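Here is a briefing on one structure, grouped by topic. Please read it alongside the sequence and the coordinates.

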Amino acid sequence: MTWQDCFVLGKQLFHLEEYNHTKMWLKESMQRLSREPYYRDPHTFDYVEDVAKSLLNLGDLETALKLSDDVLSLDPTRSTAKYVKNTILTPVGERKPTLTTNPSYYHQTEEFETYKKVCRGEITASPTQLRPLRCRYETNNHPYRLIAPLKLEEHSLDPLVVTFHDFIDDTKIATIKYMAEPRMQRSTVRDVVTLSKATDFRISKNAWLGYQEHDYMLGMLRDLHDITGLDVTRCEKLQVANYGLGGHYEPHWDFYLDTERMPEGLGNRIATAIFYLSEVEQGGATAFPNLKFAIKPKKGNVLFWYNLHRTLEGDYRTRHAACPVLKGSKWIANVWINDITQPFTRPCLLHQDDEISKPYATIV
Ligand SMILES: O=C(O)CCC(=O)C(=O)O
Ligand SMILES: [Fe+2]
């Protein structure tokens with residue numbers, strides 16, 4: 001067997017949640033790889049780093065550290081290897097959270113209970129939370145919006161979460177859905193071993209559309225720029241998603257925890273704008289368990305929030321989810337605005353503003 005065979009076996013066992021056997025095969029693949037003449041090839045470092053990271057998540061710190069040290073001895077600039085090494089050398093209490101590897105455990109956590117309650121409407125915003133919130137017209141002083149202001153509804157001021165009402169009309173929505181439909185595929189999530197994986201954690205279909213493909217989509221970006229002031233010249237593609245009956249997306253952050261996984265040349269996701277492309281008869285709200293509210297989809301509305309602090313650290317309070325659809329079908333389009341072009345649109349403050357969200361960094 002080649003090291004690649006062993007690697008693929010390890011990957012497959014990871015899917016099956018056979019974590020003990022995963023370790024064995026991944027370690028074997030690395031041993032075989034180390035005997036290959038092209039071990040020093042930068043492409044193989046990607047595999048070694050992936051294995052180091054998986055072993056870190058599976059608790060085999062010794063091998064994970066050895067692999068990352070090996071990579072770093074050949075190329076000290078490798079960021080994943082550095083991340084693995086730093087994580088191992090950081091005391092447990094100070095570690096950043098990692099993606100969950102054990103969903104059954106997560107389903108017993110308090111956070112998951114809160115998420116379900118927020119979805120069911122058993123937890124809603126308290127009067128104290130609601131008191132400072134307003135609905136108002138927003139122009140952002142943009143000449144066009146001075147004539148056609150948008151209706152803005154505040155859901156939270158810190159972190160900022162707002163709805164822009166009637167942002168996109170039915171004709172544009174129909175066109176976007178029409179373009180997305182033939183390209184819809186089962187949604188995946190980022191995964192430590194395989195990079196992309198279909199899970200019960202996220203049940204929906206989605207398609208990625210280039211903004212250049214239609215003026216309507218360029219218009220979505222332009223309108224977001226006008227109303228938020230953010231630069232939209234470099235964004236990830238538009239993600240159109242459809243949830244059928246029971247479709248959902250469990251609590252997660254939109255920003256990249258592993259900064260080395262950020263899309264090349266774009267940086268992290270500074271803000272999310274969810275365009276609701278349909279109503280949902282029952283269920284399907286966008287829930288924020290930490291903030292203790294859920295937003296019901298309304299066709300044409302846009303839900304907007306910042307994922308990052310001004311320091312560009314992730315704002316852990318923004319953990320959110322798509323509640324299960326109980327009746328109907330839910331369509332959304334996600335615009336992710338990236339941080340690389342925002343130093344002037346959303347500069348740092350004089351003080352560090354990220355400490356506040358640290359207690360919400362959950363390790364599951
Ligand atoms: O569908 C929703 O309401 C939320 C979707 C979401 O969070 C995502 O796609 O990242
Ligand atoms: Fe999300």
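Predicted model: local features only at pLDDT ≥ 70, side-chain atom pairs only at ≥ 80, totals over all residues.

Glutamate 313 sits in the loop between strand 15 (302-306) and strand 16; strands (E, at least two residues) and helices (H or I, at least four) are DSSP runs numbered from the N terminus. Glutamate 313 counts as partly exposed, because its relative accessibility is 27%; buried means under 20% relative accessible area, exposed over 50%, and partly exposed in between (1.4 Å probe, protein chains only).

Residues are numbered from 1 along each chain as its sequence is written, chains are lettered from A and ligands numbered from 1 in the order written, and side-chain values use heavy atoms, with hydrogens and water left out.

- Aspartate 254 belongs to the loop between strand 10 (248-252) and strand 11 (269-276), and histidine 320 to strand 16 (residues 320-322), so the pair ties together parts that are 66 residues apart in sequence.
- Both aspartate 254 and histidine 320 are buried.

**Annotated span**
- An unreviewed UniProt entry lists residues 231-339 as "domain: Fe2OG dioxygenase"; UniProt positions follow the numbering used here, feature names are shortened, and annotations may be inferred rather than shown by experiment.
- Residues 231-339 are 0% helix and 43% strand, and their end C-alpha atoms are 9 Å apart.

**Nonpolar cores**
- The largest nonpolar core holds 41 residues, and Leu238, Phe275, Val335 and Ile337 have the most contacts inside it; such a core is a set of buried Ala, Val, Leu, Ile, Met, Phe, Trp, Tyr and Cys residues joined through side-chain atoms within 4.5 Å.
- Helix 11 (residues 215-228) contributes the most to this core, with 5 residues.
- Another core, of 20 residues, lies apart from it and includes Tyr39, Val48, Leu67 and Tyr83.
- Beyond its neighbours within four places in sequence, isoleucine 337 has contacts that include Leu224, Val232, Ile270 and Phe304; contact means heavy atoms within 4.5 Å.

**Backbone geometry**
- Most residues other than glycine have a negative phi, and most peptide bonds are trans.
- Aspartate 158 and proline 159 are joined by a cis peptide bond, with omega about 0°; proline 159 is in the loop between strand 2 (150-157) and strand 3 (160-165).
- Asparagine 141, not a glycine, has a positive phi of about 60°; asparagine 141 lies in the loop between strand 1 (135-138) and helix 9 (143-147) and is exposed, at 64% relative accessible area.
- Aspartate 166, also not a glycine, has a positive phi of about 50°; aspartate 166 is in the loop between strand 3 and helix 10 (170-180) and is partly exposed, at 43% relative accessibility.

**Whole chain**
- The chain contains 11 helices and 18 strands.
- Of the 364 residues in the chain, 49% are buried.
- The C-alpha trace spans about 70 × 45 × 45 Å along its principal axes.
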